[in-house]
Amino acid sequence: MTSLGEAFRARSWLFAPGDSRRKMEKAAASAADIVVFDLEDAVLDAAKAQSRTMIADLLTARPADASRLWVRVNPLDGPHTLADLAAVVAARPGGIMLPKSRGRADVERLDHYLSALEVAAGIEQGSTKVIVLVTETAEAMFTTGSYRGAPRVVAMTWGAEDLADSVGAAENRNPDGSYGFTYELARSLCLLGATAAGVAAVETIQGDFRDLAGLRARAERVRRDGYSGMLAIHPDQVEVINAAFTPTLAELAAAQEIVDLFAAHPGVGALGHRGAMLDRPHLARAQALLASGGRA
């Protein structure tokens, strides 16, 4: 049986502010696997109504891109979420990003809203996917393992800036620029929660969009850790992220060699190979890498 995470793969998730049609169109024309039109942090309260209309119009005008054009709505504990959904669902976005999720109950509530709006719009019920931001509040850190079987969820991601605000931190970085312990913990909990739920784990943004070398190093590191994609805030970041989360030919060849070796020795749990001992977890990782490269 294929899990949601195995069935849904996206390397780059590019944000575009919902109050700028020019920036949204530029993002939609990029090579990003997913474009997220933002109604939350990027849009002031006074501009949210106009931004909803702008986003709905753009979604309607680009039906061929529907599956890759998503919308980040406002948090469920605020006054804007229902208005956001009512404005955009009928325009058939590929999915919804739910920020500041406090746990599975928030996803279930979102599912109820989406189901009603899909039925009203004549859209197949359950077809609007969801990615959840799971570490933006202190409370949410304790519920990252609650999303297994949650309706519509295909991916989970995390955030460090809102979490810092939530705990009253003056800074979330170490002197060398790396994240402090609490935020590395958030990254790990997101990865573990996504794995437990069988959905994709998506790395948070890199704020300095000019530091492409740093972005490349970080993206390659989190892919090795198990992440399958990364959020982006600027079109220049997309190419780097796509490359970092695409297995190289050498990696694919090495993985295929492992798969072929086990296929040639059915029923064997461990094999010697190139001076090392390989067992079933090595086979599983090789198969997963081939699948991410479209070879399984």
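Reply: Begin with a single residue. The model is predicted. V259 has a relative accessibility of 17%, and buried means under 20%, so V259 counts as buried.

Me: Where does V259 sit?

Reply: V259 lies in helix α10, which spans residues 249-264.

Me: How far apart are V259 and E136 in sequence and in space?

Reply: In sequence they are separated by 123 residues, and in space by 39 Å, C-alpha to C-alpha.

Me: Why would residues three or four places apart in a helix point the same way?

Reply: An α-helix has 3.6 residues a turn, so positions at that spacing point the same way. For a case, take helix α4, residues 81-88. Its buried residues are T81, D84, L85 and V88. They lie on the same side of α4 because the arc they cover around the axis is only 90 degrees.

Me: What do the buried residues of α4 pack against?

Reply: Their partners are α3 (48-61), β3 (69-72), β4 (95-98) and α5.

Me: At what angle do the axes of α4 and α5 cross?

Reply: The crossing is at roughly 35 degrees, and the axes come within 10 Å; α5 comprises residues 104-121. The crossing is right-handed. On the α4 side the contact is made by L82, L85 and A86, and on the α5 side by L110, Y113, L114 and L117. By class, the contact residues are seven nonpolar, no polar and no charged. L85 belongs to the buried set of α4 and also to this contact.

Me: How many residues does helix α7 have, and what does it span?

Reply: α7 has 17 residues, 181-197, and reaches 24 Å from its first C-alpha to its last. That is close to the 24 Å expected at 1.5 Å a residue.

Me: Which residues of α7 are buried, and which exposed residues are on the face turned away from them?

Reply: Y183, A186, R187, C190, L191, G193, A194 and A197 are buried. Their arc around the axis is only 165 degrees, so they are on the same side of α7. The face turned away from that buried side carries the exposed residues F181, L192 and T195.

Me: What follows α7?

Reply: G198 follows α7, and its phi is positive, near 75 degrees.

Key. Residues numbered from 1 in each chain as written. Predicted model: local features only at pLDDT ≥ 70, side-chain atom pairs only at ≥ 80, totals over all residues. Heavy atoms only, no water. Axes fitted to C-alpha atoms, helices over the stretch in contact; angles between N-to-C directions. Helix = DSSP H or I, 4+ residues; strand = E, 2+ residues; numbered from the N terminus. Left-handed = near helix turned anticlockwise from the far one by under 90°. Contact = heavy atoms within 4.5 Å. Nonpolar A, V, L, I, M, F, W, Y, C, P; charged D, E, K, R; others polar. Expected span 1.5 Å × (residues − 1). Buried < 20%, exposed > 50% of the residue type's maximum accessible area, 1.4 Å probe, protein only. Arc of directions from axis to C-beta.
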